[in-house]
Amino acid sequence: MLSKKKLTKKPAKSAVERVKIPQVRLKKQVQNHSVNRLIIGIDEVGRGAFAGPVSVGAYAMHESGLKNFKKIGAFKNLKDSKKLKKADRELWLIKIKDWSEKNNCSYIVSHSSSTLIDKKGLTHAINVALKKCLASLKNKIKFLEHEVIVLLDGGLKAPLEFIHQKTIIKGDEKEHAIALASIAAKVTRDNIMIKLAKKYPEYGFEKHVGYGTKKHGEAIRKHGELPIHRKLFLRTVK
């Protein structure tokens, strides 16, 4: 009588493991006894704001570094930036900066202005910021576009020369690299808006950081539009 063998369920592959690398390149890397690919996570913030820039963050770390950090619990309590308290986001950015100084990772945040958003549209402005972000990152840490893996949140797309890229719905909840990029972008953009609050104290930017809250709408109706407001977004403000 045949004995029944227990079936063990294989763990689901991560987005990094699902990105296919050409076999020829893999063979070259295997000769060096390791495949330690550079992973770049990308996310944007400020998409729906009435004022200020739209910002794109990129966080880069080699695959081995991500695995080691995960193993030692470095990513414990890491969440999508929108689900973290302000103080927690700031603490995470301190960590990111510390890791960057120790050459464990690198990060960049780039911006597109409200003027560009009004002239060319939000999608164009986000793509401009994303390209600037990747170009700055390449200048900082040097890499070849066809050798890195780019993981992007939501509907974002990297330039076509990044042939190993994957767009992930709610990626900031599923991939550490994207979550860290989101935090870097969020804290950096928030700080820009807090500085603008000193220049325009009547608008309360230090509280809503440019988003369309009731108080923000009331301030626009009372004091008028500012140069940093996105005219396309103010049609709903009566």
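# Briefing: a helix crossing and selected residues

Glu202 sits in the loop between helix 8 and helix 9 (205-208). The model described here is predicted. The protein has 10 helices and five strands. Of its 238 residues, 47% count as buried. Among contacts in the protein with a separation of 6 or more, 64% join residues 24 or more positions apart.

- How accessible is Glu202? Glu202 has 46% relative accessibility and counts as partly exposed, because that value falls between the 20% limit for buried and the 50% limit for exposed.
- Glu202 and Ala219 are 17 residues apart along the chain. Their C-alpha atoms are separated by 6.9 Å.
- Leaving aside neighbours within four places in sequence, Glu202 is in contact with Ala219 and His223.
- The end of helix 10 (residues 214-223) includes His223, one of these two partners.

**Arg221 in helix 10**

- Arg221 is placed in helix 10, which covers residues 214-223.
- Arg221 counts as partly exposed, at 48% relative accessibility.
- Arg221 and Val237 are 16 residues apart in sequence. In space, they are 7.5 Å apart, C-alpha to C-alpha.

**Helix 4 against helix 8**

- How do helix 4 and helix 8 cross? Their axes come within 9 Å and cross at roughly 115 degrees. Helix 4 covers residues 86-101, and helix 8 covers residues 176-199.
- Helix 4 is therefore roughly perpendicular to helix 8, as the class runs from 65 to 115 degrees.
- The crossing of helix 4 past helix 8 is left-handed.
- On the helix 4 side, the contact is made by Lys86, Arg89, Glu90, Trp92, Leu93, Ile96 and Trp99.
- On the helix 8 side, it is made by Leu180, Ile183, Ala184, Lys186, Val187, Asp190 and Ile194.
- What kinds of residue form this contact between helix 4 and helix 8? Nine are nonpolar, five are charged and no residue is polar.

**Arg89, a charged residue of that contact**

- Arg89 is located in helix 4 and takes part in the contact with helix 8.
- Is Arg89 buried or exposed? Arg89 counts as buried because its relative accessibility is 9%, and the cut-off for buried is under 20%.
- A polar atom of the Arg89 side chain lies 2.7 Å from the backbone oxygen of Leu84.
- Apart from neighbours within four places in sequence, Arg89 is in contact with Ser81, Leu84, Ile183, Lys186, Val187 and Asp190.

**Positive phi in two loops**

- Which residue of the loop between helix 3 (63-71) and helix 4 comes up here? Asn77 is found in that loop.
- Phi of Asn77 is near 70 degrees, a positive value in a residue other than glycine.
- Asn77 counts as exposed, because its relative accessibility is 57% and exposed means over 50%.
- Lys142 belongs to the loop between helix 6 (122-141) and strand 4 (149-153).
- Lys142 is not a glycine, yet it has a positive phi of about 60 degrees.
- Lys142 is exposed, with a relative accessible area of 61%.

Definitions and conventions: Residues are numbered from 1 along each chain as its sequence is written. This is a predicted model: local features need pLDDT of at least 70, side-chain atom pairs count only at pLDDT 80 or more; totals for chains, interfaces and linings use all residues. Side-chain values use heavy atoms; hydrogens and water are left out. Axes are lines fitted to C-alpha atoms, for helices over the stretch in contact, and angles run from 0 to 180 degrees between N-to-C directions. Helices (H or I, at least four residues) and strands (E, at least two) are DSSP runs, numbered from the N terminus. Angles under 35 degrees count as roughly parallel, over 145 as roughly antiparallel, 65 to 115 as roughly perpendicular and the rest as oblique. A crossing is left-handed if the near helix is turned anticlockwise from the far one by less than a right angle, and right-handed if clockwise. Contact means heavy atoms within 4.5 Å. Ala, Val, Leu, Ile, Met, Phe, Trp, Tyr, Cys and Pro count as nonpolar, Asp, Glu, Lys and Arg as charged, and the others, Gly among them, as polar. Buried means under 20% relative accessible area, exposed over 50%, partly exposed in between (1.4 Å probe, protein chains only). A polar contact is a pair of N or O atoms within 3.5 Å; within protein, one must be able to donate a hydrogen and the other to accept it, and residues adjacent in sequence count only if both atoms are side-chain atoms.
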